[in-house]
Amino acid sequence: REGASKRTDEGDDAEERRVVNQEQRVRRACHIFEKNTSEAVVYLINHEIIGPNADMVAGFLHRCTALNRRQTGSFLGAGIMGENLHENPTSDEVEQEKIFHQQTWIAYLDRCNLIGVPIDEAMRSILLYFRLPPHRRSAGILLEIAALQWYVKNKEFGSVHGVYIPESQDVAVKLVFTIMMLNSEVHNPNIRSEAQSDAVYHAFLQKFRASVVDDPALAGKRKGNVLRKRDQPRVVTIMEVPTEVLKGIYERVLANRLVTCSDTYATAPEFEVDWVRDADASAPALSDEQVEQDIEDIYSDPGFRDGILFNATSDRLPAKFNIEPPAWVRVTLRIPDADPKFAITVRVVGATSDASSSGNNTSSDPVCILPSPRLTFQSSGIASFVIRPQQVGYFTLHFVPEGARARYYHPIPPRSIVVEGAFMRQSVQVSWKRGDSQSTNNGRHMFGLDSQATKSHWVHCLEAALKASAAASSKAILRSAEKAAHVLIPPPEAAKSAPNGKPEASGTMARSAGEHSVTSAQLLATLIGPGAE
């Protein structure tokens, strides 16, 4: 016992030394990043802090709170131009450098709030993560890729809540550049009068007016080299983007200027997670004993890591929820002091839900944010919300910073979560391999139970059956397995008479054992013979 304790202490000391060494290396990398961004990334890869791929680099740039965010923009901008290389690089090296940084930028954008929001709000979110590089050409390329990524993502997801998606990528790119120009013009201190503001608005609309031929096929009819008078094409003026959409963009930009993040000062909101029995965000938290008894065996947290200097706060959320949980997750966000000019909206974007651009709860969302998805810090530096599962599905929580002072806070990374069915709360899975050891013909059976006690009883029976069959022949095991299959899986005629009138699937499945009144004693007797205890 003393030896085991000593080994545990030695292991803790080794882990502490590893964490200290990692912190020193990350701080060293951040110091290098101030002067030479490419050298810092190479240092991180060489010391195995991040992997040598675009997604890992993007994750580091997105999460590390100690990085200068102006330098982040310079790194992406110079790299996408192929300028982060040694002297006299080959054309192939330059092309590879451009492709790598383009992939890094796309992976970076995927971590931003793009889906289900208007294009101007997507740009507002992106600009709060980093500062655009000073060079116009590289900044233009980054903005163009951002526009294309917003267009692709929303085309895949589909238009929701009236979010306008242009018919072509070219219009999306044009919108982004025009919005950036509009932002500078409407917030120009020299523009003060209402007449000047109206002129800016009409000039904004004018950029999306286009003259087109209403019938190109008719215009192609020629007699010699002269069009017949009745066949002359009619030129009409159309709007590339609907006027009401442009008006909405103008009003949002006018009311709330698009700003870039501060590179001199930023605070990372503290992120705390506990469990409550009530949907009230002020309800008392469950004790450690209650969490250990009811929660830890059900909820896993594989994404959380105590990354040094990393904003891994949202990883504290469970990776899986249950549609009928024993308790609800409560999240508490803290900032140093009350800030009436800062707020966070929690958006739910998922496979079974609509992405709400306004941050409002809807019945189609996999989860509901209570009491409100909009967290304000008007009178206190603390805000809380409770996550209540509503539907089975996969979703992502986005924490969207808002307000005039949002640029002074580090954005909270998004978190992807799965809501599982109620039967998954107490589940047992049996896996097996058919044939010889080289065979890949495997099988799996998963079923859910109504309580922890029933689950423990079933596990005991299955373990007993496996132990009893250890010395049995293959034929005997197969016969027992066939009998067990008849107990677990109803025959076709039974399936036809199911209450819902639909035949049930057989083979690898997930279902409740109670649906067919199968007891653990019946299964054990079927597998190892009657009389078993």
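Helix α7 passes helix α8 in a right-handed crossing. Before I go on, please note that this is a predicted model.

So, the crossing. Helix α7 covers residues 136–157 and helix α8 covers residues 169–186. The angle between them is about 130°, and their axes are 9 Å apart.

Next, helix α9. This helix has 13 residues, 194–206, and reaches 18 Å from its first C-alpha to its last, close to the expected 18 Å. Its buried residues are Val200, Tyr201, Phe204 and Leu205. They sit on the same side of α9, because the arc they cover around the axis is only 135°. As a general point, an α-helix has 3.6 residues a turn, so residues three or four places apart point the same way.

Last, arginine 330, in strand β5, residues 328–334. Is arginine 330 buried or exposed? Its relative accessibility is 8%, so arginine 330 counts as buried; the cut-off is under 20%. Leaving out residues up to four places away in sequence, arginine 330 touches several others, among them Glu272, Asp274, Pro284 and Phe385. Val276 is also one of those contacts. Valine 276 is 54 residues away along the chain, yet the two C-alpha atoms are separated by 6.6 Å.

How values were computed. Residues numbered from 1 in each chain as written. Predicted model: local features only at pLDDT ≥ 70, side-chain atom pairs only at ≥ 80, totals over all residues. Heavy atoms only, no water. Helix = DSSP H or I, 4+ residues; strand = E, 2+ residues; numbered from the N terminus. Expected span 1.5 Å × (residues − 1). Buried < 20%, exposed > 50% of the residue type's maximum accessible area, 1.4 Å probe, protein only. Arc of directions from axis to C-beta. Axes fitted to C-alpha atoms, helices over the stretch in contact; angles between N-to-C directions. Left-handed = near helix turned anticlockwise from the far one by under 90°. Contact = heavy atoms within 4.5 Å.
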